[in-house]
Amino acid sequence: MKIRRSFIQLIIVTFIGSILLGSCSVFQKTGKSAKINSKEKTYLNYKFSFYEGERQMMLGNLSLASQYFLQCNKLMPERATPYFQLAQLYYMNKDYHNAVKYTELSHNRAPKNLWISEFLVNLYEGFNKYDKAAELLKEVLRLKPGDYTYLMKSARVASILGKNAEALKTYNYLEGKFG
């Protein structure tokens, strides 16, 4: 009898609690909060497309991956990462012209990103565009002054461009600082 009475009380309390919680405005979705606004929807679609592009890239479906990254560019063209992913895909497919194009687009959107800058420097060097590589290395050295790797690259590029005094000055600096 006691168990039955406790069970009935539990059911009544649960029923009343659910009525109270159901009527509470915190748990009710209003028209404004129930709808996803346009920016959130765009962002969610972007994230889905980006992660799906990366997944397809890992699976080796490079053309499908590029379609997802192109979709990201349409959804949020100000983002640098999908352009960089496309640049890497083009590079893997030996489409170096588009690799440079998309790396430059990526760099324009994120000029302080060292990975993008370094990839672009390497592309410029590969195409014998040493003047562009030198300019970009100066930007990188403003971000990371005194960095051994970038100073070495800068000196090498200066030497290739025939700027021997500049190259020698950088090499002397490196020798004095790093030995």
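1. Setting aside residues up to four places away in sequence, Lys153 touches Glu118, Val121, Asn122, Glu125 and Leu137; contact here means heavy atoms within 4.5 Å. Lys153 belongs to helix α9, residues 148–160. Its relative accessibility is 12%, so Lys153 counts as buried. The classes are buried under 20% relative accessible area, exposed over 50% and partly exposed in between, with a 1.4 Å probe and protein chains only.

2. The model is predicted: local features need pLDDT of at least 70 and side-chain atom pairs count only at pLDDT 80 or more, whereas totals for chains, interfaces and linings use all residues. Residues are numbered from 1 along each chain as its sequence is written, and side-chain values use heavy atoms, with hydrogens and water left out.

3. The secondary structure consists of ten helices and zero strands, in the order α-α-α-α-α-α-α-α-α-α along the sequence. Helices (H or I, at least four residues) and strands (E, at least two) are DSSP runs numbered from the N terminus. The protein has 179 residues, of which 32% count as buried. Of the contacts between residues at least 6 apart in sequence, 44% join residues at least 24 apart.

4. The axes of α3 and α4 cross at roughly 160° and come within 8 Å, which makes α3 roughly antiparallel to α4. Axes are lines fitted to C-alpha atoms, for helices over the stretch in contact, and angles run from 0 to 180 degrees between N-to-C directions. Angles under 35 degrees count as roughly parallel, over 145 as roughly antiparallel, 65 to 115 as roughly perpendicular and the rest as oblique. The crossing of α3 past α4 is left-handed, that is, the near helix is turned anticlockwise from the far one by less than a right angle; clockwise would be right-handed. Residues of α3 at this contact include Tyr46, Phe50 and Met57, and those of α4 include Leu62, Phe69 and Leu75.

5. Helix α4 (residues 62–75) has 14 residues and should span 20 Å at 1.5 Å a residue; its end C-alpha atoms are 20 Å apart, which agrees. The expected span is 1.5 Å times one less than the number of residues. Buried in α4 are Ala65, Ser66, Phe69, Cys72 and Asn73. Viewed down the axis of α4, these buried residues fall within an arc of 110°, so they line one face of the helix; the arc is that of the directions from the helix axis to the C-beta atoms. Exposed residues Ser63, Gln67 and Lys74 sit on the face of α4 turned away from the buried side. The cover over the buried residues of α4 includes α3 (38–59), α5 (81–92) and α6 (96–109).

6. The axes of α5 and helix α7 (residues 114–126) are 11 Å apart, and the two helices pack at an angle of about 30°; α5 is therefore roughly parallel to α7. The crossing of α5 past α7 is left-handed. Phe84, Ala87, Gln88 and Tyr91 of α5 meet Trp115, Ile116, Phe119 and Leu123 of α7.

7. For helix α8 (residues 130–143), the 14 residues should span 20 Å at 1.5 Å a residue, and the end C-alpha atoms lie 20 Å apart, which agrees. Tyr130, Ala133, Ala134, Leu136, Leu137, Val140 and Leu141 are its buried residues. They pack against α6, α7 and α9.

8. Helices α9 and α10 (residues 164–178) have axes that come within 7 Å and cross at roughly 155°, which makes α9 roughly antiparallel to α10. Their crossing is left-handed. Among the residues that meet here are Leu151, Met152 and Ala155 in α9 and Ala167, Tyr171 and Leu174 in α10. Tyr173 lies in α10 and is partly exposed, with a relative accessible area of 39%. Apart from neighbours within four places in sequence, Tyr173 is in contact with Gly146 and Leu151. Tyr173 and Gly146 are 27 residues apart in sequence, and their C-alpha atoms are 9.3 Å apart.

9. Two loop residues deserve a check of backbone geometry. Lys94, in the loop between α5 and α6, has phi near 60°, a positive value in a residue other than glycine. Lys94 counts as exposed at 61% relative accessibility. Asn128, in the loop between α7 and α8, has phi near 60°, a positive value in a residue other than glycine. Asn128 counts as exposed at 56% relative accessibility.
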